[in-house]
Amino acid sequence: MEDEVDRLVAAWRRERPDLDVEPLEVLSRVSRLARHLDRARRLAFAEHALEPWEFDVLTALRRAGDPYQLSPGQLLTQTLVTSGTMTNRIDRLTKKGLVERLPDPTDRRGVLVRLTTEGQDRADQALAGLLDQERAILAELSHAQRSELAALLRQLTAPFDNIPG
């Protein structure tokens with residue numbers, strides 16, 4: 001079965017036979033898949049009245065376990081945004097009643113961000129919807145193929161995820 005990347009690679013091989021375009025065969029597919037995943041995720045989140053960034057923050061708190069709270073700095077690390085962006089996101093989620101700010105008992109100047117019951121419900125429902133979407137995307141692959149693909153992608157992403165600082 002041919003895909004758009006096959007056509008793109010063939011065109012580059014025809015037009016630029018002097019270049020090794022083999023990386024496009026993998027990374028252009030990853031890029032295109034990322035765009036398809038982004039669309040599927042947006043649909044899954046929209047069904048629960050969430051934006052992707054809201055899902056990211058809510059699920060970071062949900063994964064933290066009871067009492068479902070993290071410092072803004074911990075949220076920064078998990079969501080890869082700037083402190084100004086995170087402050088804005090926390091403000092917006094607080095206004096929606098999905099998180100609350102609490103004083104940090106270990107740091108007089110610090111705050112903790114805690115998931116509200118509504119925030120937890122919304123995160124749980126959106127996660128279930130997302131997993132349904134993602135299972136459908138992976139349906140053509142066997143369990144062994146999914147495991148192999150996950151291992152190969154981990155090899156590519158681990159160096160980026162483990163850069164100090």
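Which residues is valine 99 in contact with, leaving aside its neighbours within four places in sequence? I put this to the model, which is a predicted one. I found Leu58, Leu61, Ile90, Leu93, Thr94, Val113, Arg114, Leu115 and Thr116 in contact with valine 99, with neighbours within four places set aside.

**Entry: the core**

I then looked up the largest nonpolar core, which holds 22 residues. Val99 is among the members that touch the most other members, together with Phe45, Leu58, Leu61, Leu75 and Leu93. I noted where the core comes from: H2, H3, helix H5 (83-95), strand S3 (111-115) and helix H6 (117-138) each supply at least two residues. H3 gives the largest share, 6 residues.

**Entry: the aromatic pair**

I searched the whole structure for aromatic pairs and got 1. The partners are phenylalanine 45 and phenylalanine 55, and the pair is stacked, with 4.2 Å centre to centre and 20° between the planes. I asked what the pair ties together. Phenylalanine 45 belongs to helix H2 (residues 22-46) and phenylalanine 55 to helix H3 (residues 52-63), so the pair links parts that are 10 residues apart in sequence. I checked accessibility for both rings. Phenylalanine 45 has 1% relative accessibility and therefore counts as buried. Phenylalanine 55 also counts as buried, because its value is 6% and the cut-off is under 20%.

**Entry: proline 52**

I went on to proline 52, which lies in helix H3. Not counting residues up to four places away in sequence, proline 52 touches Arg42 and Phe45. Is proline 52 buried or exposed? Its relative accessibility is 19%, and I logged it as buried, since buried means under 20%. I also took a distance to threonine 116: the two C-alpha atoms are separated by 18 Å, and the residues are 64 apart along the chain.

**Entry: arginine 122**

I looked up arginine 122 in helix H6. At 18% relative accessibility, arginine 122 counts as buried. With neighbours within four places in sequence left aside, I listed His48, Ala49, Leu50 and Leu98 as its contacts.

**Entry: backbone**

Alanine 49, one of the contacts of arginine 122, has a positive phi near 55°. Alanine 49 sits in the loop between H2 and H3.

Where is tyrosine 68 found? I placed tyrosine 68 in the loop between H3 and S1. Its phi is near 60°, again a positive value in a residue other than glycine. Tyrosine 68 counts as buried, at 16% relative accessibility.

Proline 67 lies in the loop between H3 and strand S1 (69-70). I found a cis peptide bond joining aspartate 66 and proline 67, with omega about 20°.

**Entry: H1 against H2**

Last, I took the pair of helix H1 (residues 4-15) and H2. Their axes come within 10 Å and cross at roughly 145°. H1 passes H2 in a right-handed crossing. On the H1 side I listed Glu4, Val5, Asp6, Leu8, Val9, Trp12 and Arg13 in the contact, and on the H2 side Glu22, Leu24, Glu25, Ser28, Arg29 and Arg32. How many of the contact residues are nonpolar, polar and charged? I recorded 5 nonpolar, 1 polar and 7 charged.

Methods
Residues numbered from 1 in each chain as written. Predicted model: local features only at pLDDT ≥ 70, side-chain atom pairs only at ≥ 80, totals over all residues. Heavy atoms only, no water. Phe/Tyr/Trp six-rings, centres within 6.5 Å; stacked < 30°, edge-to-face > 60°. Helix = DSSP H or I, 4+ residues; strand = E, 2+ residues; numbered from the N terminus. Buried < 20%, exposed > 50% of the residue type's maximum accessible area, 1.4 Å probe, protein only. Axes fitted to C-alpha atoms, helices over the stretch in contact; angles between N-to-C directions. Left-handed = near helix turned anticlockwise from the far one by under 90°. Contact = heavy atoms within 4.5 Å. Nonpolar A, V, L, I, M, F, W, Y, C, P; charged D, E, K, R; others polar. Core = buried A, V, L, I, M, F, W, Y, C linked by side-chain atoms within 4.5 Å.
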